[in-house]
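Trainee: Could you take me through one part of this model closely, namely the aromatic side chains and how they are arranged?

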Amino acid sequence: AKGDLEFTVAATDPASGIAKKELIKDGKVVSEINGDTVRLSESGEYLVRVTDKVGHVTEMNVFETFNLPSKMIRDSSAPTVTFNLPKADLEKNGKTWYKSEPSFSIPVADENLATSKVLVNGKEVSSLSGQGTHSFSLKGIEPGEDMSYHIEVISVDKACNESRASKKLYVDNKKPQITDIRFSLAGRESGSAEGGGDGYRHFFQSGVDVIVTATDPGASAGLGKLVYKYNTDKGEVTKEEDISSGTATIKLGDDFKGFVSMHVTDVIGHVSDPQATGGIITESASVHVNNSDVGFRLPETNRKDINGLPLYSEPITVGVYARDSRNGIGSLKWSLGSNAGEQSVNADGSTSGPFSVKSKDKNLVSSVESSFQVTDNANGIGLSFLMSDRAGWESSAKDTFSIDTDAPVVSVSYNNTIESGFYNAPRTAEIRVTERNFTPDGVKL
């Protein structure tokens, strides 16, 4: 009992009458019962002894009369529940967080315990019918609407003393995810920034921001950091940015060439799957100028045509070259006299045409060369060559020369002619030279 007990003693003896009534506790008389009501306030085994006037004695156990245990146990203390929670992985904003479903051992101490049960979000997961320890795990139990686990222990002893103890906690057992990677500018061949790989895929004419979006699904203690690594020809550099808002930015200057790999953490310690961009190249105009070159290689000649251009007396072979050491060559376009054409370089670095590849950097074609036979017989033969790199920057070269494969035509005429061939006076001869690139110094008499 958790308080005093009262009971009524009714005794009769029609023959001689009742002499006395006594209350016996644990074998000793503790009081004489005057009246009919008895109050018990201490634990023990109680008997009522009734003696009539001729000495006859009757004894009766107070509780066995009611089919109860023979002893009274006075218990006003509720069961003691000890919440032995595993050490939390995170305490944040008044909330207790675990990175996986924890297991619990919750002792309930009361030697008179009747029942004890554990409810998680209203569902019973453990029960006791006597003093002991609740052992259970949250694995397989669905969280509540607010993604929490409300654990309540309800214990009642045999004296109907009740205790309730509860805890509320959260489990963040999912790793964060990178959901999007995009660029702040439209570049060449960019598309999605995701995918990685060993080749260069994204080309920009200035610095660019890489914008990373992430989420932490399910019950989330919060996103933490974006951890990213530059991998360039200068080595590797690891940095991090706060991504608690769900978005973080990686800034690349206007002379970046390399790869960016990354992952996201949450505040409880989970790490996302890694992601990587394809190779990225940023190049401003000033950087481009110092890393590209195009031109012609012409045979040596000391001759000049009538306009002072280099002059050749026969068809020549013109060498043409292009170099772009950062972005790589994207396309070529040429016009060499009557010889004109175009050639492009594929994203994987393959190409087909008169230009042969001399050097590569992964999937970038860094330099090409070719040679062309120019057979035009004309003055002022124009050469033009245009290279576009993968970022869209252009480099060009132009030149002009002449080819004259025709021998001079010489004709002579006189002011008079006599059939006999004998003349008795001076005769004047006119010599005519027909030549496209005539110079008086070239005539000898």
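Mentor: What follows is a close look at the aromatic rings, with a short note on charges placed over rings.

Bear in mind throughout that this is a predicted model. The structure holds twelve aromatic pairs, and one of them, formed by Phe 355 and Phe 385, is stacked, with 5.4 Å from centre to centre and 5° between the planes. Since planes under 30 degrees apart count as stacked, the angle of 5° places the pair of Phe 355 and Phe 385 in that class. As for where the two partners come from, Phe 355 belongs to the loop between strand S30 (339-344) and strand S31 (356-361), whereas Phe 385 lies in strand S33 (residues 381-389), so the pair ties together parts that are 30 residues apart in sequence.

Lys 95 lies over the face of Tyr 170, at 4.7 Å from the ring centre, while the charged end of Lys 257 sits over the ring of Tyr 200, 5.3 Å from its centre. Both distances can be read against the cut-off, which asks for NZ of Lys within 6 Å of the ring centre.

Note on methods:
Residues numbered from 1 in each chain as written. Predicted model: local features only at pLDDT ≥ 70, side-chain atom pairs only at ≥ 80, totals over all residues. Heavy atoms only, no water. Phe/Tyr/Trp six-rings, centres within 6.5 Å; stacked < 30°, edge-to-face > 60°. Helix = DSSP H or I, 4+ residues; strand = E, 2+ residues; numbered from the N terminus. Lys NZ or Arg CZ within 6 Å of the ring centre and 35° of its normal.
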